[in-house]
Amino acid sequence: MSPITISKIVMYAASMLIGSTGILFTLLNRRTDKLQNKLYLAMLTIVDLNCVSEILAACNLSRAAVSPAAAMAVRVGHFSYFLPHSIVPAIFLFYVLSVCGANFSGKRKRYILLTIPALLIETIVVLNPSMNWMYYYDHNMVYHRNWGLMVIYVLSGLYIAMAIFMLLFSWKALNRKRRTALIYFFTVAILGIVVQLINYEIRTELISETIGLLGVMIAIEIEDDRIDAAMGIYNRRALNADMHAYIVSGRSLSLMCVKITNTEIIKRATGSDNSEALSKLVSEYLRSIVPRYYIYSTSPGTFMITLMDTDEKKVNDLAATISERFENPWKIGDNEIPLKVLVMAADVPNRIHSVSDAFYMADSPVPKKLDKNILTGSDLDYLLRRAAVESAITRGLEEHNFEVFYQPTYRVSDSTLHGAEALIRLHDPEMGNLFPDEFIPIAEQIGLIDDVDDYVFREVCEFIKSGIPALNLMDCINVNLSVLQCMQPAFAEHVIEVADSFGIDKTMINFEITESIAASDYSALSRAVRILKRQGFRFSMDDYGTGYSNMQSIFRLDFDIIKIDKSILWSAEKGQMGQIILDSSVRMIRQMRRKILVEGVETEHQLQMLRDLGVDFAQGYLFSKPISKRDFIELITHAKHKTS
Ligand code: C2E
Ligand code: CA
Ligand code: CA
């Protein structure tokens with residue numbers, strides 16, 4: 001054998017080894033069930049078999065002119081090379097399509113069209129032994145190319161071009177690893193093909209293809225970072241990446257969340273935290289009814305399932321099946337454990353618009369009000385609204401969509417201006433105007449209340465600094481504080497620092513607290529109040545009479561003003577019982593020598609009632625609703641002109 005022949009054979013043997021390594025490890029990983037995996041394995045297998053064909057041809061080429069057996073071996077070698085290799089570009093296109101998340105079954109016709117060039121290619125190859133369209137051998141067994149080969153090159157080029165187009169088209173949907181792997185493959189494979197095209201003696205095509213495919217295996221096919229090893233299903237990170245891809249590429253699907261709502265029972269029943277064993281058990285069950293690559297585990301006891309091209313009825317049936325399974329107990333060790341499940345299903349992108357919506361569905365606390373265990377359609381509105389509010393808050397802080405409104409308070413005796421309460425509003429470009437009753441509790445849960453309250457406090461400081469409130473004889477401006485916030489260690493110091501930075505009179509700030517905390521947290525709160533009161537700040541107890549307030553804290557926290565909740569005033573108008581509660585509350589607070597403000601005053605009659613009771617201040621729609629700072633300034637300056 002000539003040295004050139006030997007070097008060719010070595011090259012093919014090396015490619016074959018690399019290819020076999022890829023095949024072996026793909027099979028070892030046992031992830032061959034997805035279409036994408038199958039296509040990958042098909043490419044690798046073809047390239048590997050091609051090496052055998054090429055070795056066969058190379059070994060016999062030198063003797064082909066003299067030995068009919070060698071000539072036959074060369075013919076078989078070449079034919080068995082072209083037969084599968086000619087469709088690799090087509091398979092590669094479908095591989096790229098599936099990595100990019102294409103929807104094959106949805107647009108079947110379009111994908112069938114894509115196979116037509118491949119069929120044409122295969123026809124040319126299959127007919128070659130009799131028609132010689134592609135290549136032929138002369139009587140010296142010298143190989144000649146024919147026009148058919150050009151046709152195949154052009155069609156293959158078309159597939160590669162479409163694959164590159166697809167890659168660029170889905171650029172945003174692919175993560176860095178996938179992009180890099182696909183570009184790596186294109187570069188290495190094309191380089192190998194070009195080198196071989198320039199000099200046919202340098203057989204780089206197969207080795208570059210196998211090396212390129214190996215890169216693809218490492219970056220795309222081996223999904224160790226996406227798989228929960230114990231359960232063999234995808235993890236949180238995979239859901240994040242896949243949802244991102246689906247949403248960017250506008251793919252529609254159904255997203256199902258299976259949530260075990262009583263995981264704490266496992267500990268009680270088995271004595272130890274067997275949540276992992278349980279998750280494994282449930283994931284095995286889910287895998288028995290849905291392919292594993294559609295299931296994600298986002299946290300112990302919570303699973304998300306992506307359902308492609310599944311109509312509503314099938315989704316609902318699946319939800320019912322899962323829910324029914326949970327009517328029977330689960331066996332962990334010797335224990336039969338009854339598990340409760342909540343199944344939610346929502347459409348992407350109709351109801352789930354973003355990746356965070358999906359995670360909100362997975363992570364949100366189970367709704368108390370809904371006692372169903374399957375939630376679909378409009379059941380989930382509130383959930384999704386919550387997710388939307390969450391992003392509106394974050395967006396609001398970044399884009400300055402918050403605004404402080406002011407609602408004036410008046411002295412009951414002569415209806416002169418006493419002060420104002422600062423009330424926050426959120427004007428979201430997408431959701432419109434949002435009210436604090438909705439977004440404050442959410443801001444508390446996601447840990448953004450500090451930023452929200454801090455914003456309000458600074459706005460109020462700035463307003464006071466402008467001198468307008470003092471000029472209009474306002475006593476103070478009330479700022480609502482979240483109790484969560486006041487209990488933070490450095491809270492008081494922070495407030496003092498901000499007020500000092502504005503250089504304002506601290507007695508003009510009156511903090512409102514709804515006293516709803518457990519006694520154990522009392523010390524932190526009372527410390528903050530003490531420090532701030534010493535600095536001159538004033539404090540009001542908010543929502544007196546709603547059940548949270550307690551008599552003792554009026555003294556312990558040394559409140560200046562007690563704000564009686566509007567519900568007390570309104571029920572006083574309705575009946576004798578309510579009247580007694582209001583009367584005695586007012587009397588008691590007065591005996592404690594605190595000032596009293598009643599909120600929710602909407603009618604003259606109510607105001608008269610408060611006057612008769614000797615209440616100090618009033619706030620309510622009778623005087624004004626909460627209004628923007630501009631309107632507020634206009635209101636108070638106008639009122640001053642009227643009275644003076
Ligand atoms: P709140 O502190 O009890 O505030 C009084 C609420 O009663 C305000 O609702 C106000 O618009 C409303 N109101 C006042 N007078 C009347 C009336 O005559 N009739 C009726 N029907 N309602 C009246 P708003 O502005 O929606 O605020 C709701 C709650 O959100 C507040 O209750 C407060 O707890 C919280 N909040 C508002 N702004 C802030 C803030 O900046 N920080 C914090 N942490 N909480 C805030
Ligand atoms: Ca308040
Ligand atoms: Ca209140």
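Predicted model: local features only at pLDDT ≥ 70, side-chain atom pairs only at ≥ 80, totals over all residues.
Local features required pLDDT of at least 70 and side-chain atom pairs pLDDT 80 or more, while totals for chains, interfaces and linings use all residues. Residues are numbered from 1 along each chain as its sequence is written, chains are lettered from A and ligands numbered from 1 in the order written, and side-chain values use heavy atoms, without hydrogens or water.

Donors are N, O and S atoms within 2.8 Å of the metal, or 3.2 Å for Na, K and Ca; water is not among the atoms, so sites may look incomplete. The calcium ion (ligand 2) is coordinated by Glu421 (OE), Asn480 (OD1), Glu512 (OE) and Asp542 (OD), at 2.1 to 2.3 Å. Along the chain these donors follow the spacing E-x58-N-x31-E-x29-D. Glu512 belongs to strand S16 (residues 509-514) and Asp542 to strand S17 (residues 538-544), 30 residues apart. Helices (H or I, at least four residues) and strands (E, at least two) are DSSP runs, numbered from the N terminus. The protein donors of the calcium ion (ligand 3) are Asp542 (OD), Asp543 (OD), Glu599 (OE) and Glu599 (OE), 2.3 to 2.6 Å from the ion. Their residues are spaced D-D-x55-E. Asp542 coordinates both ions, which lie 4.1 Å apart. Asp542 is buried, at 8% relative accessible area. Buried means under 20%, exposed over 50% and partly exposed in between (1.4 Å probe, protein chains only).

Glu512 also forms a salt bridge with Lys563, with 2.6 Å between the closest N and O atoms. Lys563 lies in strand S18 (residues 561-564) and Glu512 in S16, so the pair ties together parts 51 residues apart in sequence. Both Lys563 and Glu512 are buried. A salt bridge is a side-chain nitrogen of Lys or Arg within 4 Å of a carboxyl oxygen of Asp or Glu. The whole structure holds 24 salt bridges. One of them joins Asp242 and Arg226 (2.8 Å, N to O). Asp242 sits in helix H9 (residues 236-248), and Arg226 in the loop between H8 and strand S3 (227-228). Asp242 is buried at 12%, as is Arg226 at 9%. Another bridge pairs Glu493 with Arg527, at 2.9 Å. Glu493 lies in helix H19 (residues 491-502) and Arg527 in helix H20 (residues 522-534). Glu493 is partly exposed at 35%, and so is Arg527 at 32%.

A nonpolar surface patch of about 620 Å² comprises Ile164, Leu168, Trp171, Ile183, Ile190, Val194 and Ile198. Patch residues have over 30% relative accessible area and no salt bridge; like charges are joined within 9 Å, nonpolar side chains (Val, Leu, Ile, Met, Phe, Trp, Tyr) within 5 Å. Accessible areas come from the Shrake-Rupley method with a 1.4 Å probe, and for residues only the protein chains shown count as cover. H7 gives the largest share, four residues. Ile164 is in helix H6 and is partly exposed at 32%.

Ala181 also lies in helix H7 (residues 176-198), but is buried at 4%. Beyond neighbours within four places in sequence, Ala181 contacts (heavy atoms within 4.5 Å) Gly215, Val216, Ala219 and Ile220.

In helix H1, the buried residues include Thr5, Ile9 and Tyr12. The buried residues of H1 pack against helix H2 (35-61) and helix H8 (205-221). Just after H1, Arg30 takes a positive phi of about 55°.
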